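Biologist: Thanks for sitting down with me over this model. Could you walk me through some of its helices and how they pack?

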Amino acid sequence: MEEEGEEKALRKTGPISLVRHNDLVVNEKFIDVLQKNNLDDLLSLSNYGGGTVLKKNVFRSVTKIELSEGGVSRTLYLKKHNPPRRERIKSLLLRRREDAENEWKNLLLLHDLGFGTATPVAYGEKKKFGVTSFSVTVTEHLYGTEKLESYLPRRFTPPLGPGGISEKRVLINKIAALTREFHAMGFNHQDYYLGHLFFREEDGRILILDLQRMKRRAAIRNRDRIKDLGQLCYSAGLTGVFTNPDFMRFVLAYLGRETVEENDKRLIRRVMAKKARIARHDRKLLMRKAHPQ
């Protein structure tokens, strides 16, 4: 029988080694820091009341926590999922996984495939009648990164010299190349806004976050491609530095072409229509907040 605190290896392949520790699945590199801070079981994580709450609603909460180990400080994010019973039943009936387990598996999958994303630290769940009623994920902070939604306007607000223009075009091509590869492998994000893409200047890498709704199929469906591209273009437009020529540069890089072909025009029109629908939806939400019933 496994003793409390005893580690049982679950996965030794790929860049992440996982072990079963108490009632959690833990990235082996983080066992010591969780133990020394008394956060190495599901109960302690679920009851944790420290840190800074970044988000809280009826579905989940996200808390930023600072832990120390041997004089070294680590910044982690604790996400607690506790959806209402009706939402759990709906997800079960619709076979729609948009929970902590889905996010955890997606983090591991992207790491295995070489995509940049958050480092998974720990996962735990509580089940009732065979259905997950409560779950947590812990990930590590992306040190030295910035959301593209803030990096782009900070770095590329006009006027730009030749060097700035060149740098901006390189970054647009990187975003396009990442998106093309992501979609080519059958992934669709469903929340593919610049706020979920992080840029690390040190090595020029773009990392993808917020994966709880991410899906993978043998090939991406066209409507999912349109949705991701529409969300990306809408959020790029909000930065104030993404021009129409920038959009065409992105499209050509995403398609891997030097000029737009006739068949590409329908895709562009559908992406623009999706972008417009997102804009209308956001305006309605803002109006409701400004004029509540």
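Biologist: How many Å does helix 9 reach from its first C-alpha to its last?

Modeller: Keep in mind that this is a predicted model. Helix 9 has 29 residues, and at 1.5 Å a residue the expected value is 42 Å. The reach in the model is close to that, at 43 Å.

Biologist: Which helices are included in what covers the buried residues of helix 9?

Modeller: Let's start with the buried residues themselves: Asp 264, Leu 267, Ile 268, Val 271, Ile 278 and Ala 279. What covers these residues includes helix 7 (222–238) and helix 8.

Biologist: Are helix 8 and helix 9 parallel, antiparallel, perpendicular or oblique to each other?

Modeller: Happy to work that one out. Two packed helices are described by the angle between their axes and the distance between the axes. Here the axes of helix 8 (residues 244–255) and helix 9 (residues 262–290) come within 12 Å and cross at roughly 125 degrees. Helix 8 and helix 9 are therefore oblique.

Biologist: How many nonpolar residues does the contact of helix 8 with helix 9 have?

Modeller: On the helix 8 side there are Phe 247, Met 248, Val 251 and Leu 255, and they meet Asp 264, Leu 267, Ile 268 and Met 272 of helix 9. By class, that contact has 1 charged residue, no polar ones, and a nonpolar count of 7.

Biologist: Now to helix 6: what span should its 23 residues have?

Modeller: Helix 6 covers residues 162–184, and its end C-alpha atoms are 33 Å apart. That agrees with the span that 1.5 Å a residue should give, which is 33 Å.

Biologist: Which residue just after helix 6 takes a positive phi?

Modeller: Helix 6 itself has buried residues including Leu 171, Ile 172, Ile 175 and Phe 182. Just after this helix, a positive phi of about 90 degrees is taken by Gly 186.

Biologist: How are helix 5 and helix 6 oriented, roughly parallel or roughly antiparallel?

Modeller: Helix 5 (residues 148–156) packs against helix 6 with the axes 11 Å apart and an angle of about 160 degrees. An angle over 145 degrees counts as roughly antiparallel. Helix 5 and helix 6 are therefore roughly antiparallel.

Biologist: How many charged residues are in the contact of helix 5 with helix 6?

Modeller: The contact is made by Leu 148, Tyr 151, Leu 152, Arg 155 and Phe 156 of helix 5, with Gly 164, Glu 167, Lys 168, Leu 171 and Ile 175 of helix 6. By class there are 6 nonpolar residues and 1 polar, and the charged count is 3.

How values were computed
Residues numbered from 1 in each chain as written. Predicted model: local features only at pLDDT ≥ 70, side-chain atom pairs only at ≥ 80, totals over all residues. Heavy atoms only, no water. Axes fitted to C-alpha atoms, helices over the stretch in contact; angles between N-to-C directions. Helix = DSSP H or I, 4+ residues; strand = E, 2+ residues; numbered from the N terminus. Parallel < 35°, antiparallel > 145°, perpendicular 65-115°, else oblique. Contact = heavy atoms within 4.5 Å. Nonpolar A, V, L, I, M, F, W, Y, C, P; charged D, E, K, R; others polar. Expected span 1.5 Å × (residues − 1). Buried < 20%, exposed > 50% of the residue type's maximum accessible area, 1.4 Å probe, protein only.
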